[in-house]
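Have the structure open as you read.

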Amino acid sequence: MVNLHRARKAQARRAAEVKAEENRVRFGRTKAERERQADELERQKRHLEGHALTERDEHEKPRG
């Protein structure tokens with residue numbers, strides 16, 4: 001005898017696991033990859049800030 005409720009739940013779990021595996025391959029990144037990207041973005045930000053001509057205060061009027 002087969003319990004249909006259990007069979008349906010098991011089938012749904014298998015389908016969800018397949019979809020999860022596809023999503024891990026499609027969207028997943030390792031922690032090292034996320035950290036490497038964050039470090040690279042921070043390095044680029046510092047590089048651009050270091051090349052800024054001046055920082056204008058909020059109360060300072062623009063020239064020209």
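E35 counts as partly exposed, because its relative accessibility is 42%, a value that falls between the cut-offs of under 20% for buried and over 50% for exposed. This residue is found in helix α2, which covers residues 31-50. Please keep in mind that the model you are looking at is predicted.

Together with D39, E42 and E49, E35 forms a negative surface patch.

**The chain as a whole**

The protein chain has 2 helices and 0 strands. How much of the chain is made up of buried residues? Of its 64 residues, buried ones account for 0%. The accessible surface of the chain is about 7,000 Å², and carbon and sulfur atoms contribute 52% of that area.

**Pairs of opposite charge**

Side chains of opposite charge can pair when their charged atoms come close. How many salt bridges does the structure hold? There are 3, and they are set out here.

| Salt bridge | N to O distance | Relative accessible area of each partner |
|---|---|---|
| E17 and R24 | 2.9 Å | E17 46%, R24 44% |
| E21 and R24 | 2.9 Å | E21 40%, R24 44% |
| R43 and E40 | 2.9 Å | R43 41%, E40 33% |

The side chain of R24 meets that of E17 in a salt bridge, and R24 forms another with E21. Which helix holds E21 and R24? Both are in helix α1, residues 4-27, and because they are 3 residues apart there, about one helical turn separates them. With a relative accessible area of 46%, E17 is partly exposed; R24 is partly exposed too, at 44%, and so is E21, at 40%.

The remaining pair takes us back to helix α2. R43 forms a salt bridge with E40, with the closest N and O atoms 2.9 Å apart. R43 and E40 are 3 residues apart in helix α2, so they too are separated by about one helical turn.

Note on methods:
Residues numbered from 1 in each chain as written. Predicted model: local features only at pLDDT ≥ 70, side-chain atom pairs only at ≥ 80, totals over all residues. Heavy atoms only, no water. Patch = residues over 30% accessible without salt bridge, like charges linked within 9 Å, V, L, I, M, F, W, Y side chains within 5 Å. Areas by Shrake-Rupley, 256 points an atom, 1.4 Å probe, with all protein chains shown as cover. Salt bridge = Lys/Arg side-chain N within 4 Å of Asp/Glu carboxyl O. Lys, Arg positive; Asp, Glu negative; His and termini not counted. Charge placed at Lys NZ, Arg CZ, Asp CG, Glu CD. Helix = DSSP H or I, 4+ residues; strand = E, 2+ residues; numbered from the N terminus. Buried < 20%, exposed > 50% of the residue type's maximum accessible area, 1.4 Å probe, protein only.
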